[in-house]
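Hi everyone, thanks for coming.

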Amino acid sequence: MLILSIESSCDDTSAAVSEGRLLLSNVVASQKVHEQYGGVVPELASRAHQQNIVPVVHQALEQAGVKKEDLDAIAFTRGPGLMGSLLVGTSFAKGLASSLQIPLIDVNHLQAHILANFIEEKNVENRSPEFPFLCLLVSGGNSQIVLVESPSKMKIVGQTIDDAAGEAFDKCAKVMNLPYPGGPIIDRLAQQGNPKAFVFNKPRLEGFDYSFSGLKTSFLYLLRDEIKKNPNFVEENQADLCASLQATIVDILMNKFKKAVKEYGVKHIALAGGVSANSGLREAFLLFAKNNQLEAFIPKLAFTMDNAAMISAAAYYKFIEGDFCDISLPPFARTEI
Ligand code: KG4
C-alpha cells in the first residue's frame, strides 16, 4: 500500500510517501516570506504553495524511490486551515489521483496531528499509544484535550474558548519585539531565565476548557507599566519574562490535562501539535506520566509541526477501512476534529 500524502493547510508545503504505516519520505518546504510581516499572510501563503507543490512532491517520490505510477492512493489535508492554502493541496491531489485513476483520501488536519504518534520509521524504536488515550493537542490555532477512542473516533473533552497556546506564545513574543513565530524563541530564551520572576493571570474556568486571552493581556499590561519606569525593561529581563510566561502556559495546559486524565482514567497519554515541541511542556508532560505510572507518547520534533508524514499516518487507517472520498469534495477552512 503506497500512499502519497499532501499537506498545505497553512504555511508549510509538505509531501510524504508511506508504505502501510512505514514512512518512506517526508519533505517540508517552509515559507520564509511571512517572517517580515510577523504572522502568516494568507494570500502569500497560497502563492508560495503553488510554487512549492510540484518540486516538493517530486522530491518526496524521489527520496522514497517510488514512481507515481506505483502509488495506490493520494491523501490530502481537507481542513481546517487557510482556504487559499488548502485549495492548492486539494486541487493538486485531485488532479493527480484522477490522472493516475487511484483513490483519493481526505484527512482532517487535527486528527492527523494526533495520529502523528503512530508514524513508523525504519531503524528506530516505533512506539504508539493504545486506545483509548487522551491527547493534549496544542498548536498555533488549537488547544484541545481529545479522547482518542480509535483512529477515526475522537471526542473533544476541552478546548480553548479564545486564543490557542501557540497564539499566546507568538503574540507575547511580538510585544517583546521577537520575530515570528515566537514560540521556539521564547522556549530557547526561557532556558536561561527564572520561571518564578514574574506572575501572570491564570484563567479560572470550570471543566476542561482553556483560555489564554487573559494571560496575553496580563503580559501586555506588565510590560506597559514596567517600560514607563524603565525603557530597557524588556531587554534587561528578556530571559525571565520568557521563562515566567512559558511556565505559566505549561501550568495552565497541564493542570486541565491532569484533571482530564483523572476523570477518564486512561493509562496512555499523548502530546501533539506545534507547541508540543516546547521543552518545558515536554518535561512537565513526561514528569506527570512518570509520577502517575502512565505511558507517555510525544511525536518526534519534525512530526510536531505541520508535515505530510502525519497525513499519511491518518490516511493509512482510512485506506484499510476503504474510506475514500469523491473528487467533488471541497476543502473546509473550519471544522472540529
Ligand atoms: O502545529 P503548528 O506547526 O501549526 C498549526 O497548525 O498551528 O504550530 C505552530 C505553533 C506556533 O504558534 C509556534 O510558535 C509554536 O507552534 N511552537 C512552539 C515551539 N515550537 C513551535 N511554541 C512553544 N515552544 C516551541 N518550542
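How many of the seven residues of strand β4 (residues 73-79) are buried? The count is seven of seven, so to speak a strand that is mostly covered, where buried means under 20% relative accessible area with a 1.4 Å probe and protein chains only. Helices (H or I, at least four residues) and strands (E, at least two) are DSSP runs here, numbered from the N terminus.

A quick word on what we are looking at. This is a predicted model, in which local features need pLDDT of at least 70 and side-chain atom pairs count only at pLDDT 80 or more, while totals for chains, interfaces and linings use all residues. Residues are numbered from 1 along each chain as its sequence is written, and side-chain values use heavy atoms, with hydrogens and water left out.

Now, who pairs with β4? Strand β1 (residues 2-7) runs parallel to β4, with four bridges joining them; two strands pair if DSSP finds at least two bridges between them. Leu4 stands opposite Ile74 in β4. Strand β5 (residues 104-108) is also parallel to β4, joined by five bridges, and there Gly79 has Asn108 as its bridge partner. To get from β4 to β5, the chain passes through helix α2 (residues 83-100) in a right-handed β-α-β crossover. Right-handed means that, with the strands pointing away from the viewer, the path from the first strand over the helix to the second runs clockwise.

Let's move on to the spaces. On a 1 Å grid over the protein atoms alone, a cavity is a set of points where a 1.4 Å probe fits but cannot get out, and a pocket is an open set with protein on both sides within 12 Å along at least five of seven lines; lining residues have an atom within 4 Å of a point. Grid points are joined across faces, edges and corners, and a volume is the space filled by probe spheres set on the points.

There is one cavity of 30 Å³ or more, and the largest cavity holds about 40 Å³. Its lining includes Arg21, Phe118 and Glu120. Helix α9 gives the most to that lining, three residues.

The second largest pocket holds about 530 Å³. Among its 25 lining residues, Pro195, Ala247, Thr248, Val250 and Asp251 are the closest to its centre. Helix α7 (233-264) supplies the largest share of this lining, nine residues.

Conventions. Buried means under 20% relative accessible area, exposed over 50%, partly exposed in between (1.4 Å probe, protein chains only).
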